[in-house]
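Me: I would like to learn how to read features in a protein model. Could we go through some of them one by one?

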Amino acid sequence: MNYSVKKIGQILNATTQIDSKIVTGVSFDSRKVKSGDLFVALVAENDGHDYVQQALTKGATAVLVDDRHQIDSKIPAIIVSDTLLALQQLGEYRRHQINPKVVAITGSNGKTTTKDMASAIMGSQYKTFKTPENFNNEIGVPLTLLTMPDDTEVLVVELGMDRPGQLTTLSELVSPDIAIITMIGEAHIEFFKTRENIAKAKLEITKGLKSQGTLLVPYDEPLLTNAQVKQNVQTFGQDIKDINSSSSKTFFTYQNTRFAIPLLGRYNIMNALAAISAGILLHIELKNAAEALQHFDLTKNRTEQLTTSHGVNLISDVYNSNPTAVAAVLATLKIIPATHKYVVLGDMLELGEQAASLHACLAETVINANVDGVYLVGPLMNKYLYPILQRRFDSAHLHQYETDQLAELIKDLQTLGENGDVILLKASHGIHLENVVNALVK
């Protein structure tokens, strides 16, 4: 990014002042501003206009502000009616200026892992850029577009969703050539009420999908395979052979090519096949895709495999959680070879009026996982799952903690298990089990 304030004003049809300054980056957090940045004063819980001077002191070249706030005439500025809308318009301009092929990914689970896999695959043959961290909302997506290098040939972008209409906006913003829906689970069912409504909202990703573009959906999800969309629809996930796993890898054969991914679980094979299918559409050779997936950069806290100081293996999947995701990761835990296995389950959030039944229905899945100990964290787990598990586990093997008792949980887990044993941690991000993981691997 290398635009003058005047150029940005022209792009946004906005008023400018001191418009000869050159902008080389963008930030909406005054604490993270770097020299040359455009500081975007967003109005949310905190009003970014209150931090304009702090941003300038940190090195911001100019500021993007709205016309309802008074700005000193000596400050380089672009003045608009809505700073968030202007940020999105600027990102959309850059997307079309650079004009990479765009692979857009959404889904109730697996979208970040699929993004990481797809980026690795595309990077084997193209100059590729992907969504940083989890910048997948109305702010993060335009920031992704604006931080995309000038020579980007393929952009792999993650699109999040927690309400109707959101994916329409994001899809139209990035205008994908390929769209992937990884799966339909119960995430955000508090707001959508049914999986059918969640599927309908996920299908909004086709709103910006090019008319000649392709939508990739899992072969075993009728809510998606039977959907009526105007673009080409292809399925992924079928025709897999020779699946097996080691303590840290999963192996499978697809189209006569052997793949080995550094993750466990059938659900991660589905993520891989979504990414591989996108690669095929962009003419990536399967041998290059297989090589790329052997070692790829995985975003933190997405089914990470770690080790404690005394040799216990940790499986950390603590960014989000819902019943489908818990069942999938527990099925993986069941087949891992280990003398002892333990599971730490934190509350699944945003389940609304179905929270009680969806937490209680985990009981059979937990029991069938054949674990040696269960550690429950949060009021929902303790109220709805704990009483059912009490019928199968005694007090030595079933434990409960409130969300403010993570220090006690850490203390109990620090001496749990021996070399080669496994502890799985799974929860919604709001439970903050990442703090437990960090403490265990210090």
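Me: Is Glu285 buried, partly exposed or exposed?

Reply: This is a predicted model, in which local features need pLDDT of at least 70 and side-chain atom pairs count only at pLDDT 80 or more, while totals for chains, interfaces and linings use all residues. Residues are numbered from 1 along each chain as its sequence is written, and side-chain values use heavy atoms, with hydrogens and water left out. Buried means under 20% relative accessible area, exposed means over 50%, and partly exposed is in between (1.4 Å probe, protein chains only). Glu285 has 42% relative accessibility, so Glu285 counts as partly exposed.

Me: Which side chain meets Glu285 in a salt bridge?

Reply: Side chains of opposite charge can pair when their charged atoms come close. A salt bridge is a side-chain nitrogen of Lys or Arg within 4 Å of a carboxyl oxygen of Asp or Glu. Here the partner of Glu285 is Lys287, at 3.8 Å from N to O. Lys287 is exposed, at 57% relative accessibility.

Me: How many salt bridges does a search of the whole structure find?

Reply: The search finds 16 salt bridges. One of them joins Asp29 and Arg31, with the closest N and O atoms 2.9 Å apart. Asp29 is buried at 14% relative accessibility, whereas Arg31 is exposed with a relative accessible area of 61%.

Me: Which residue forms a salt bridge with Lys426?

Reply: Lys426 pairs with Asp317, and their closest N and O atoms are 3.2 Å apart. To place the two, note that helices (H or I, at least four residues) and strands (E, at least two) are DSSP runs, numbered from the N terminus. Lys426 is buried, at 1% relative accessibility. Asp317 is buried as well, with a relative accessible area of 8%. Elsewhere, salt bridges that share partners link Arg95, Lys101, Asp177 and Lys210 in one network.

Me: Which residues gather in a patch of negative charge on the surface?

Reply: In counting charge, Lys and Arg are positive and Asp and Glu negative, while His and the chain ends are not counted. The place of a charge is taken as NZ of Lys, CZ of Arg, CG of Asp or CD of Glu. Patches are made of residues with over 30% relative accessible area and no salt bridge; like charges are joined within 9 Å, and nonpolar side chains (Val, Leu, Ile, Met, Phe, Trp, Tyr) within 5 Å. In this structure, the negative patch is formed by Glu402, Asp404, Glu408 and Asp412. Asp404 sits in the loop between strand S21 (398–401) and helix H16 (406–414). Asp404 is exposed, with a relative accessible area of 65%.

Me: How many aromatic pairs are there?

Reply: Rings of Phe, Tyr and Trp (its six-membered ring) pair if their centres lie within 6.5 Å; planes under 30 degrees apart count as stacked, over 60 as edge-to-face and the rest as tilted. The count by this rule is three aromatic pairs. In one of them, the ring centres of Phe252 and Phe259 are 5.2 Å apart and the planes are at 10°, so the pair is stacked. Phe252 is buried, with a relative accessible area of 0%, and Phe259 is buried, with a relative accessible area of 0%. The rings of Tyr375 and Tyr401 have centres 6.4 Å apart and planes at 15°, so this pair is stacked too. Tyr375 lies in strand S20 (residues 373–377) and Tyr401 in strand S21, so the pair ties together parts that are 26 residues apart in sequence. Both tyrosines, Tyr375 and Tyr401, are buried.

Me: What is the phi of Asn256?

Reply: The phi of Asn256 is positive, about 65°, although Asn256 is not a glycine. Asn256 is in the loop between strand S15 (250–254) and strand S16 (257–261). Asn256 is exposed, with a relative accessible area of 78%.

Me: Where is His432 found?

Reply: His432 is in the loop between S22 and helix H17 (434–440). His432 has a positive phi of about 65° and is not a glycine. At 35% relative accessibility, His432 is partly exposed.

Definitions and conventions:
Accessible areas come from the Shrake-Rupley method with a 1.4 Å probe; for residues, only the protein chains shown count as cover.
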